[in-house]
Amino acid sequence: MKGDCIQILVIGAGPAGMMAAIKAAESGAEVAVLEKNHLCGRKLAITGKGRCNITNTKPWAEFATHVHPRSNFVRSAFYNFSNKATIEYLNSIGLETVVSQGDRVFPSSMKAFDVVDALVDRMNALGVKLISDADLLAVSAEGNQFNCTYNDLSSPRSIKTEKISSTALIIATGGLSYPSTGSNGRGYDIAASFGHSVTRCYPSLVALLPKNYDCSLYDVELKNVGIKLYVGRDLVQSDMGDLTFTEDGIEGSLGFRVSRKAVNALENGSSVELVIDLKPAVPLPELRERVKREVSSFKWDVPLINDARLKKVLRRFMPAEMIEPFFRMSKGLTVNTLPERLKEWRFPIAKHAGYRRAVVTAGGVSLDEVIPKTMQSRLNKGLFFAGEVLDLDGDTGGYNIQMAISTGALAGQSAAKYVSTL
Ligand SMILES: Cc1cc2nc3c(=O)[nH]c(=O)nc-3n(C[C@H](O)[C@H](O)[C@H](O)COP(=O)(O)OP(=O)(O)OC[C@H]3O[C@@H](n4cnc5c(N)ncnc54)[C@H](O)[C@@H]3O)c2cc1C
């Protein structure tokens with residue numbers, strides 16, 4: 001194949017690239033995929049803690065509220081290959097799925113590798129040529145042809161530079177998050193070399209590290225708590241759910257939900273604070289009464305409540321492992337201030353965990369220069385984009401993989417149509 005001109009070349013074998021290749025091949029096109037790693041779908045294989053939350057069953061109106069920054073761009077791709085179509089398609093190629101936690105869809109085996117295998121097997125069955133260990137370096141256009149240069153990494157001791165040409169090119173190289181899985185932002189450089197604007201990128205769905213973080217909080221999980229995100233003095237988001245304290249900071253589904261706005265604000269130099277409400281279902285006056293009741297059950301005189309006694313009261317309101325850090329962080333805590341402190345545990349944020357640990361990248365190839373009905377570049381005929389390389393990111397819950405699949409399927413079909421008309 002080296003030196004040949006293939007009809008459609010897909011760069012990147014993540015969910016977007018594999019789906020693009022499959023749909024292009026099913027439309028009758030000759031397709032090759034160039035993948036930097038030895039294996040396809042390295043990121044896909046670690047998604048959902050190894051279980052892969054493939055998609056979400058929500059109807060578009062609700063699904064769209066979890067898509068940033070402009071859900072409208074994804075609408076056509078979603079209707080062309082929806083969450084329902086994704087489930088049916090995966091089932092039809094032998095991957096059984098299950099709906100869990102209300103609306104999240106996983107492989108029945110709960111093994112992300114099975115999703116990767118199903119897509120790779122389908123590509124193989126369709127005769128898609130896979131060029132792995134191939135790191136795309138640059139692309140130039142000449143007439144109706146894209147000329148790609150890549151490093152052949154298959155023998156690390158003697159890396160060779162190779163060339164491959166195609167009539168249509170689909171960039172599905174992902175974003176900048178988890179670079180260990182292969183996505184390092186090269187797609188943005190290639191888009192820019194074709195005149196595309198790339199909006200400012202920043203990590204999203206990422207841990208937020210509190211200032212003076214108390215390491216005894218590591219591994220503490222909080223269920224059904226409230227959170228408020230303040231940027232400067234402004235309350236910009238409030239939500240409820242579960243969060244986890246890890247070495248990297250505050251994360252878990254609730255922490256991730258506020259991380260997009262928090263990271264954006266931190267990167268703009270604003271001060272960011274998270275305020276955790278440990279008793280969101282109990283209004284403050286009621287909580288005051290509860291604290292009073294608990295204290296009186298010990299039959300102590302309130303003025304005689306020392307730190308040790310206060311910690312015994314705390315035990316009635318939080319898991320044991322949280323008492324010491326909560327106490328240390330709540331300077332001057334008394335029985336009287338306890339109700340307010342339980343509802344307003346303050347965490348000024350120092351920084352975020354960065355791309356190394358971010359689930360997705362916010363920002364990317366500008367949506368203004370890509371046609372939403374085809375995923376084709378408005379600037380260069382024959383050039384298509386799919387997946388996270390675009391300025392698109394979703395919340396946790398299967399939205400990101402679904403967007404990769406929907407935009408990938410549409411890019412593949414559109415590229416096949418494009419080459420068939422030449
Ligand atoms: C830990 C983790 C858990 C996640 N869990 C979920 C989840 O459960 N549900 C969900 O919806 N989303 C989840 N996501 C997000 C989701 O995985 C991504 O949004 C999705 O994989 C994006 O798909 P993509 O195909 O656009 O990019 P990627 O999956 O990143 O694939 C891009 C591919 O392009 C290749 N590539 C990059 N540059 C080059 C180059 N120069 N030459 C050749 N190849 C190149 C890369 O090696 C890679 O294989 C998770 C992400 C992480 C990091």
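What percentage of the 422 residues in the chain is buried? Buried residues make up 44% of them. A residue counts as buried if 20 or more other C-beta atoms lie within 10 Å of its own, as exposed if 12 or fewer do, and as partly exposed in between, with C-beta atoms placed from the backbone.

This is a predicted model, in which local features need pLDDT of at least 70 and side-chain atom pairs count only at pLDDT 80 or more, while totals for chains, interfaces and linings use all residues. Residues are numbered from 1 along each chain as its sequence is written.

**Figure 1. The whole chain.** The C-alpha trace spans about 85 × 40 × 40 Å along its principal axes. The chain has 13 helices and 20 strands. Helices (H or I, at least four residues) and strands (E, at least two) are DSSP runs, numbered from the N terminus. Take the contacts between residues at least 6 apart in sequence: 72% of these join residues at least 24 apart. Two residues are in contact if their C-beta atoms, placed from the backbone, lie within 7 Å.

**Figure 2. Domain 1 and domain 2.** Domain 1 covers 5–202 + 360–420, and domain 2 covers 208–352. These bounds come from an automatic or database domain assignment. The C-alpha centres of domain 1 and domain 2 lie 40 Å apart. Five residues of domain 1 are in contact with seven residues of domain 2. On the domain 1 side, the touching residues are two nonpolar, two polar and one charged. Here Ala, Val, Leu, Ile, Met, Phe, Trp, Tyr, Cys and Pro count as nonpolar, Asp, Glu, Lys and Arg as charged, and the others, Gly among them, as polar.

**Figure 3. The shell around the ligand.** How many residues surround the ligand? There are 40, and the closest are Gly-12, Gly-14, Gly-174, Gly-182 and Gly-387. A residue is near a molecule or strand if its C-beta atom, placed from the backbone, lies within 6 Å of it. Elements giving two or more residues to this shell are α1 (15–26), α2 (47–50), β8 (134–142) and α13 (399–420). The largest share, four residues, comes from α13. By class, the shell has 17 nonpolar, 16 polar and seven charged residues.

**Figure 4. Helix α1 against helix α13.** Two packed helices are described by the angle between their axes and the distance between the axes. For α1 and α13, the axes come within 7 Å and cross at roughly 35 degrees. Axes are lines fitted to C-alpha atoms, for helices over the stretch in contact, and angles run from 0 to 180 degrees between N-to-C directions. The crossing of α1 and α13 is right-handed. A crossing is right-handed if the near helix is turned clockwise from the far one by less than a right angle, and left-handed if anticlockwise. Residues making the contact include Pro-15, Ala-16 and Gly-17 of α1, and Ile-401, Ala-404 and Ile-405 of α13. The residues of this contact divide into 14 nonpolar, five polar and one charged.

Figure 5. Most residues other than glycine have a negative phi, and most peptide bonds are trans. A cis peptide bond joins His-68 and Pro-69, with omega about -5 degrees. Pro-69 is in the loop between β4 (67–68) and α4 (72–80). Asp-133 is not a glycine, yet has a positive phi of about 55 degrees. Asp-133 belongs to the loop between β7 (129–131) and β8. Is Asp-133 buried, exposed or partly exposed? Asp-133 counts as partly exposed because it has 18 C-beta neighbours inside 10 Å. Tyr-178, also not a glycine, has a positive phi of about 45 degrees. Its loop runs between β10 (160–171) and α7 (186–193). Tyr-178 is buried because 21 other C-beta atoms lie within 10 Å.

**Figure 6. Gly-363 and its contacts.** Gly-363 lies in the loop between β18 (360–362) and β19 (383–385). Gly-363 counts as buried because it has 22 C-beta neighbours inside 10 Å. Gly-363 and Cys-201 are 162 residues apart in sequence, but their C-alpha atoms are 4.2 Å apart in space. Leaving out residues up to four places away in sequence, Gly-363 touches Thr-199, Arg-200, Cys-201, Tyr-202 and Asp-391.

**Figure 7. Two exposed loop residues.** Asp-219 sits in the loop between β12 (208–210) and β13 (221–231). Asp-219 counts as exposed because it has 10 C-beta neighbours inside 10 Å. Asp-219 and His-196 are 23 residues apart along the chain, and their C-alpha atoms are separated by 43 Å. Ala-281 is in the loop between β16 (272–277) and α9 (284–297). Ala-281 counts as exposed because it has 11 C-beta neighbours inside 10 Å. The C-alpha atoms of Ala-281 and Asn-224, 57 residues apart along the chain, are separated by 8.9 Å.
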